Amino acid sequence: MSAPIDQSTKVPRIGFVSLGCPKALVDSERILTQLRIEGYEVVGGYDQADLVVVNTCAFIEAAQEESLDAIGEALTENGKVVVTGCLGSRGSVVRDRFPEVLAITGPQDYEAVMKAVHAQLPPPPRSPFTDLLPDSGVKLTPRHYAYLKISEGCNHKCTFCIIPDLRGRLRSRRVDAVLGEAERLVRDGVRELLVVSQDTSAYGVDLRYESAPWHGRERRTRMTELADALGDLGVWVRLHYVYPYRHVDELIPLMAQGKVLPYLDMPLQHASPGILKAMRRPAGGEQVLERLQRWRDICPDLVVRSTFIVGFPGETEADFEQLLAFLEEARLDRVGCFTYSPVDGARANALPGAVDPEVAEMRRERLMALQAGISAGKLRQFVGRTLQVLVDAVDGDEALARSYADAPEVDGLVHLVGAEGLRPGDFVDVRIHDSDEHDLYGTAGEP
């Protein structure tokens, strides 16, 4: 390992690269918060940094290659690199490509990251200015929304996924710890909490739904009770990565009551029973269709987003047509689609019936073309309505915002005029005048 840099005359400066999903982003925020607490300066350019930390992703092959490219770029531009995150769980992959990296740690191993930084850049004397950090720490999202990670790891054994190998089995945070963090975020100006984990529906099962006191009453470490308590904080609460277990039914009345947003991010992955079985995924298409109808009867404004994989080993044209038929009937609001990626270590790679990549891509395009028409029809139903939106960005008289139907980064936007005086983080009522396949258009302040 290289000799530590002499920091006797300056504050050590850290560059940071954060890749991957919102769960990884939360890990980055925690590392950055600890760096700031210990007096390190976080800088934006490689040339300004004394050392670079790269938080990697390895969910699919493309993400792994993106992470390796980022490590290579950091080494070329700076030369001193600490690697952490999901690809760090496969240290030999990194070390074989880049033997000169200073240290490699896995996901959520914040102490090991700090130890590697300390070895190169001893922390400076504590400064009273570090006390100016908000209670919620350093955030990589805009000030008005934040991801709230409620658990680590996953107990599923989906054949296309290596997350349990990278991040381990389910480890839930106790409900009082999650609610305490949520309160701090709201106190620091967050107007929307995005609840994330690998499997939000399974929250607390590893703790046997252990109870904890919270503001004078007992709360169980369980998804429904957590959502109910978050709904008391007076901000938007959006639920992501919700598997369609039976107890998800309990959430729908909370949505109808306005406790949490009527929005479910539910990654279904496919609709063919044969493909779902090969994927080792829960719940079949018919069951989901029946439950969707019941949920919409209870909460007519419910918006459902999902993701699907096409080109999975063994997927026939009949399987794919079954998926299209499901989408036609389900009329999901938001849909993402990916072609199967044979990431190293996934058990699905050994399954027979590999699908030609060109065929998989054509299926993806057909699915997204179908969904574009469904989405356009869904969004037309908002025309003429007045929606509350959360402002993300303002440029003079115009602004970009999101309705309850839009999660940041992955869904659509509300383009509005009449934005004078508005700021990011403001809630405003908008009269919707037009729509397209993805976005809505309206005027702020109109009745």
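Buried means under 20% relative accessible area, exposed over 50% and partly exposed in between. These terms are used in the legends below for a predicted model.

**Figure 1. Aromatic pair formed by Trp236 and Phe427.** The ring centres of Trp236 and Phe427 are 5.2 Å apart and the ring planes stand at 55 degrees, so the pair is classed as tilted. Trp236 belongs to strand 12 (residues 236-239) and Phe427 to strand 19 (residues 427-435), so the contact ties together parts separated by 191 residues in sequence. Trp236 is buried because its relative accessible area is 8%, whereas Phe427, at 24%, is partly exposed. The structure holds 6 aromatic pairs.

**Figure 2. Salt bridge between Lys149 and Asp27.** The closest N and O atoms of Lys149 and Asp27 are 2.5 Å apart. Lys149 is placed in strand 6 (residues 145-149) and Asp27 in helix 1 (residues 22-37), and the pair links parts of the chain 122 residues apart. Both Lys149 and Asp27 are buried. The salt bridges of the model number 30.

**Figure 3. Salt bridge between Glu225 and Arg222.** In this pair, the closest N and O atoms are separated by 3.4 Å. Glu225 and Arg222 are both buried.

**Figure 4. Salt bridge between Asp301 and Arg385.** The side chains of Asp301 and Arg385 meet at an N to O distance of 3.6 Å. Asp301 lies in the loop between helix 10 (285-298) and strand 14 (303-310), and Arg385 in the loop between helix 12 and strand 16 (386-395), so the bridge ties together parts that are 84 residues apart in sequence. Asp301 has a relative accessibility of 34% and therefore counts as partly exposed. Arg385 is likewise partly exposed, with a relative accessible area of 31%.

**Figure 5. Patch of positive charge on the surface.** Lys157, Arg169, Arg280 and Arg347 gather in this patch. Arg347 is situated in the loop between strand 15 (334-339) and helix 12 (357-380). With a relative accessibility of 42%, Arg347 counts as partly exposed.

**Figure 6. Negative surface patch.** Asp47, Glu66, Asp69, Glu73 and Glu77 form this patch. Glu77 is part of helix 2 (residues 61-77). The relative accessibility of Glu77 is 49%, and this residue therefore counts as partly exposed.

**Figure 7. Positive phi values at Tyr209 and Glu409.** Most residues other than glycine have a negative phi. Tyr209 has a positive phi, near 55 degrees, and is not a glycine. Tyr209 is found in the loop between strand 9 (192-196) and strand 10 (211-214), and counts as partly exposed at 25% relative accessibility. Glu409, also not a glycine, has a positive phi of about 80 degrees. The loop that holds Glu409 runs between strand 17 (398-402) and strand 18 (414-417). Glu409 is exposed, because its relative accessible area is 71%.

Figure 8. Val117 has a relative accessibility of 0% and so counts as buried. The C-alpha atoms of Val117 and Leu51 are separated by 8.0 Å, although these two residues are 66 residues apart along the chain.

Technical notes: Residues are numbered from 1 along each chain as its sequence is written. This is a predicted model: local features need pLDDT of at least 70, side-chain atom pairs count only at pLDDT 80 or more; totals for chains, interfaces and linings use all residues. Side-chain values use heavy atoms; hydrogens and water are left out. Patches are made of residues with over 30% relative accessible area and no salt bridge: like charges are joined within 9 Å, nonpolar side chains (Val, Leu, Ile, Met, Phe, Trp, Tyr) within 5 Å. Accessible areas come from the Shrake-Rupley method with a 1.4 Å probe; for residues, only the protein chains shown count as cover. A salt bridge is a side-chain nitrogen of Lys or Arg within 4 Å of a carboxyl oxygen of Asp or Glu. Lys and Arg count as positive and Asp and Glu as negative; His and the chain ends are not counted. The place of a charge is taken as NZ of Lys, CZ of Arg, CG of Asp or CD of Glu. Helices (H or I, at least four residues) and strands (E, at least two) are DSSP runs, numbered from the N terminus. Buried means under 20% relative accessible area, exposed over 50%, partly exposed in between (1.4 Å probe, protein chains only). Rings of Phe, Tyr and Trp (its six-membered ring) pair if their centres lie within 6.5 Å; planes under 30 degrees apart count as stacked, over 60 as edge-to-face and the rest as tilted.
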